[in-house]
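Biologist: I would like to learn how to read a sheet and the helices around it. Could we go through one model together, feature by feature?

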Amino acid sequence: AQIRQVVGVLRQPPGERDPARPQLAGLPELVAAVRTPTMDSAFRACGQPEAVTDQVAATAYRIVQEALTNTVKHAGATAVDTCLTWTPGALRIDVVDNGRAGPPGPADRVPDRPPGAGHGLAGMRERIEACGGTFSAGPLPGGGFAVTATLPALATGAHPAIPGRGDHG
């Protein structure tokens, strides 16, 4: 029942929980939504945030959302850690749980899906690659499962004013 409740929160349609255009600022709330008496959920952000496109912001949000959903539904985990690490020109996302690693779920076995369709590891990879990023996911040697994505922080050709960077146009 707890898992259904948490997954229900993560899957609510736009306007009921998620903003219509997911934003990075909503990630701490998303991560907190999976915290239960039997599941610890932590969020950290490191580095100096940079501007991102709407596509990258939405992709980052959806990657964390899907990774947390997979942890709750499939991992048998008691803890999950979500970390955003900003480096010059890039945003790295790590979602690591302490559960058991199992075979991919049915959504990951659906062949010939259009980019961004469906859920699961294949959907995450498609979203990230569409943004020009990189993706990896898999079991950890000591147990648990990790999802890692690196996304570009600035759109090609974009020149936003970012305080302290000096690139004002």
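This is a predicted model: local features need pLDDT of at least 70, side-chain atom pairs count only at pLDDT 80 or more; totals for chains, interfaces and linings use all residues.

Biologist: In what sense do strand 2 and strand 3 pair, parallel or antiparallel?

Modeller: Strand 2 and strand 3 are antiparallel, with eight bridges between them; as one example, Thr 82 has Val 95 in strand 3 as its bridge partner. Strand 3 (residues 90-97) also pairs with strand 5, again in the antiparallel sense and over eight bridges, and there Asp 97 stands opposite Phe 145 of strand 5.

Biologist: Where does strand 4 come in, and which residue in the turn of its hairpin has a positive phi?

Modeller: Strand 4 (residues 134-139) runs antiparallel to strand 5, to which six bridges join it, and Thr 134 has Thr 150 as its bridge partner in strand 5. The two strands form a hairpin with five residues between them, and in the turn Gly 143 has a positive phi of about 110°.

Biologist: What is the order of the strands in the sheet?

Modeller: The order is 1-2-3-5-4 in an open sheet of five strands with mixed pairing. Strand 1 and strand 4 are the edge strands, each pairing on one side only, and neighbouring strands are turned by 10° against each other on average, direction ignored.

Biologist: Which strands does helix 3 lie across?

Modeller: Helix 3 lies across strand 2, strand 3 and strand 5, and runs at about 10° to strand 3. Helix 4 (120-130) also packs on the sheet, where it touches strand 4 and strand 5, and its direction makes about 160° with that of strand 4.

Biologist: Which residues touch the most other members of the largest nonpolar core?

Modeller: They are Val 64, Leu 68, Ile 93, Val 95 and Val 147, in a core of 32 residues. Helix 3 gives the most to this core, with ten residues, while strand 5 is among the elements that give two or more. Strand 5 (residues 145-152) is itself mostly covered, with six of its eight residues buried.

Key:
Residues are numbered from 1 along each chain as its sequence is written. Side-chain values use heavy atoms; hydrogens and water are left out. Buried means under 20% relative accessible area, exposed over 50%, partly exposed in between (1.4 Å probe, protein chains only). Helices (H or I, at least four residues) and strands (E, at least two) are DSSP runs, numbered from the N terminus. Two strands pair if DSSP finds at least two bridges between them. A nonpolar core is a set of buried Ala, Val, Leu, Ile, Met, Phe, Trp, Tyr and Cys residues joined through side-chain atoms within 4.5 Å. Axes are lines fitted to C-alpha atoms, for helices over the stretch in contact, and angles run from 0 to 180 degrees between N-to-C directions. Contact means heavy atoms within 4.5 Å.
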